[in-house]
2 protein chains.
Amino acid sequence: VALKQQRIELARVPRGIPVEEDFRLVEAEVPEPAEGQFLGRVVYLSLDPYLRSAIAGRHPGHDACRPGDLVPGRAVAEVVRSRHPALSSGDFVLVASGWQEYCLSDGAGVRRIEEEGAPLSAYLGVLGMPGLTAWAGVTQLLRPRAAETVVVSAATGPVGGTAGQIAKRLGCRVVGIAGSAAKCAHAVAEFAFDACVNHKEQGFRAELAAACPDRIAAYFDNVGGAVLEAVISELGLNGRIALCGLIDQYNTGVPYALPLAPVIAKRARLMGLVVYDYESRYAEFLGQALGWLREGRLRYLEDRAQGLAAAPLAFRRLMSGQNFGKSLVVVGEERRLE
Amino acid sequence: VALKQQRIELARVPRGIPVEEDFRLVEAEVPEPAEGQFLGRVVYLSLDPYLRSAIAGRHPGHDACRPGDLVPGRAVAEVVRSRHPALSSGDFVLVASGWQEYCLSDGAGVRRIEEEGAPLSAYLGVLGMPGLTAWAGVTQLLRPRAAETVVVSAATGPVGGTAGQIAKRLGCRVVGIAGSAAKCAHAVAEFAFDACVNHKEQGFRAELAAACPDRIAAYFDNVGGAVLEAVISELGLNGRIALCGLIDQYNTGVPYALPLAPVIAKRARLMGLVVYDYESRYAEFLGQALGWLREGRLRYLEDRAQGLAAAPLAFRRLMSGQNFGKSLVVVGEERRLE
């Protein structure tokens with residue numbers, strides 16, 4: 001008899017911030033790998049803001065999801081049956097699994113996790129795509145010099161938190177922006193940011209100005225919108241901005257547009273950042289990040305949901321800014337082969 | 001008896017594109033210079049899009065004009081009476097004269113025109129602030145490499161026309177954007193642009209794409225709005241954009257906002273350009289530009305109005321895109337001392 005698994009389909013097309021009713025947990029068979037394929041057992045499912053755009057068909061490489069479609073997503077999975085020439089049972093991989101317990105793959109876009117000495121879940125965050133995004137934005141685009149003021153938004157998220165810590169290592173003054181007092185306290189206490197201001201507070205603009213007495217030299221933007229506009233108003237002349245995310249737009253689909261006159265007046269330099277451009281630099285990044293991680297000089301925070309069924313609620317929390325750290329779902333047991 | 005002159009005051013605060021009724025020609029006395037001042041006789045009055053913002057109080061260094069105020073503007077003037085230590089009768093200067101026949105100045109912000117061998121009016125255009133703007137945007141910000149496709153808007157204006165010709169000298173493929181078939185024909189025939197497309201035509205986007213088969217590597221933007229958005233849609237990955245002007249916004253005061261998702265998707269680099277940052281490079285620029293001009297390798301086009309009274313109509317034509325080349329008013333006779 002075929003093994004059964006759980007998977008999550010789209011129940012209806014989400015409007016705005018996704019809610020639990022937009023998703024449906026169903027039972028399905030665990031498939032058998034054909035020649036050239038492997039079967040992966042999902043351990044950690046990654047929840048990322050870009051998935052909201054992917055579901056809507058607004059992310060490169062993703063068709064819009066229709067009701068009944070498997071919800072897309074990437075995961076750390078264990079290879080449990082392999083007819084793939086390069087992968088064996090017991091290997092751990094990063095794979096576009098979708099929201100399910102078991103996935104088939106032909107290996108396209110799959111990365112084997114070869115390095116030891118770091119938790120597997122870190123490969124979804126600080127050692128994975130978000131970490132590479134942060135590294136690329138800071139070291140390849142913003143290139144801050146020591147003593148410059150660098151601002152990062154989504155400061156406790158895996159991109160913002162890592163970006164800020166890398167800027168700290170370069171000798172910068174780092175000011176975070178986050179959506180709660182607890183997040184701000186964490187960025188200062190755990191990530192050693194020099195300051196962190198809450199953009200949901202009335203006095204946000206004044207606090208941002210006070211935290212940046214030398215004005216802002218570089219900004220790693222993960223959100224767009226009013227936060228981006230506030231940062232530009234505090235930007236020093238010739239300030240640099242890495243444009244990396246537009247979280248409100250992901251929910252609403254309403255294109256966010258930035259007033260340009262202040263950009264000209266500040267002689268700002270805006271640089272679009274897409275992490276896929278830096279995949280060839282992954283090994284270089286990973287070597288550095290693993291070193292920092294092992295030395296305890298690169299910290300991260302996870303917001304874990306337990307069990308596949310918890311994914312829709314966790315996704316809603318992520319897309320409304322209620323997550324506290326990298327959002328992931330523990331789908332299966334981590335029984336790493338030692 | 002005191003000499004009389006004509007001057008133009010603001011009659012009422014313009015709304016949108018200024019019209020003749022927003023201005024009033026009045027008679028005034030020609031003033032006497034005090035110690036440290038000189039009296040200038042305006043020869044060529046420059047009309048520039050930024051004046052629309054200056055009148056509205058939206059340009060740095062300018063308070064809003066109220067009815068009865070002299071309309072601001074810069075000019076080439078001849079010093080006709082001097083109590084200024086560094087200027088003598090017969091000198092020609094660039095001076096913030098306002099719209100009048102004679103102006104007083106204490107020399108602040110005044111530049112003496114020392115070089116021979118070029119028409120005086122060129123110092124308002126290709127050899128002046130517009131030319132320096134073009135030079136800075138191309139050589140300091142966009143830095144195009146040979147064979148790259150460079151696009152310039154307002155292609156027959158003094159900034160766009162000069163920017164495109166400088167890019168041609170760097171070996172680039174240059175594609176202009178202008179607002180009429182005649183302007184486009186001029187950019188190709190006189191400025192040697194490789195192509196020029198009319199943004200007021202239905203098929204603009206398709207023609208722009210056809211003119212840029214290798215996509216756009218660099219764009220010198222003088223207008224913002226729909227033209228900027230069309231260029232971004234044809235931009236190659238990592239394309240650079242110098243943001244220099246927002247002509248629609250100057251009229252309306254409605255802040256123009258640029259959708260950011262395409263900027264990120266193209267990994268575009270947007271750079272705000274303010275010419276005042278490059279004043280210290282003026283001598284370097286002027287030396288190059290004079291050389292090119294004398295060799296016939298840098299061309300320009302002037303849209304001349306005759307007499308101060310013609311300034312309001314000429315300004316309306318400029319702000320509605322009906323000018324054909326650098327807009328200026330011949331206020332007085334050019335009787336250069338030889």
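Which residue of β14(B) stands opposite Leu270(A)? In this predicted model, Leu270(A) faces Leu270(B).

## Basis of the model

Because the model is predicted, local features need pLDDT of at least 70 and side-chain atom pairs count only at pLDDT 80 or more, while totals for chains, interfaces and linings use all residues. Residues are numbered from 1 along each chain as its sequence is written, chains are lettered from A in the order in which they are written, and side-chain values use heavy atoms, with hydrogens and water left out.

## Extent of the interface

In chain A, 24 residues are in contact with 24 residues of chain B, where contact means heavy atoms within 4.5 Å. The two chains bury about 2,100 Å² between them, 66% of it on carbon and sulfur atoms; buried area is the accessible area (1.4 Å probe) lost on being put together, summed over both parts. On the side of chain A, the most area is lost by Leu260(A), Ile264(A) and Arg267(A), together 29% of what that side buries.

## Strands and salt bridges

Strand β14(A) and strand β14 (residues 269-272) of chain B run antiparallel and are joined by three bridges; strands (E, at least two residues) are DSSP runs, numbered from the N terminus, and two of them pair if DSSP finds at least two bridges between them.

Between chain A and chain B there are two salt bridges, each being a side-chain nitrogen of Lys or Arg within 4 Å of a carboxyl oxygen of Asp or Glu. Asp277(A) forms a salt bridge with Arg267(B), with the closest N and O atoms 2.6 Å apart.

Note on methods: Helices (H or I, at least four residues) and strands (E, at least two) are DSSP runs, numbered from the N terminus.
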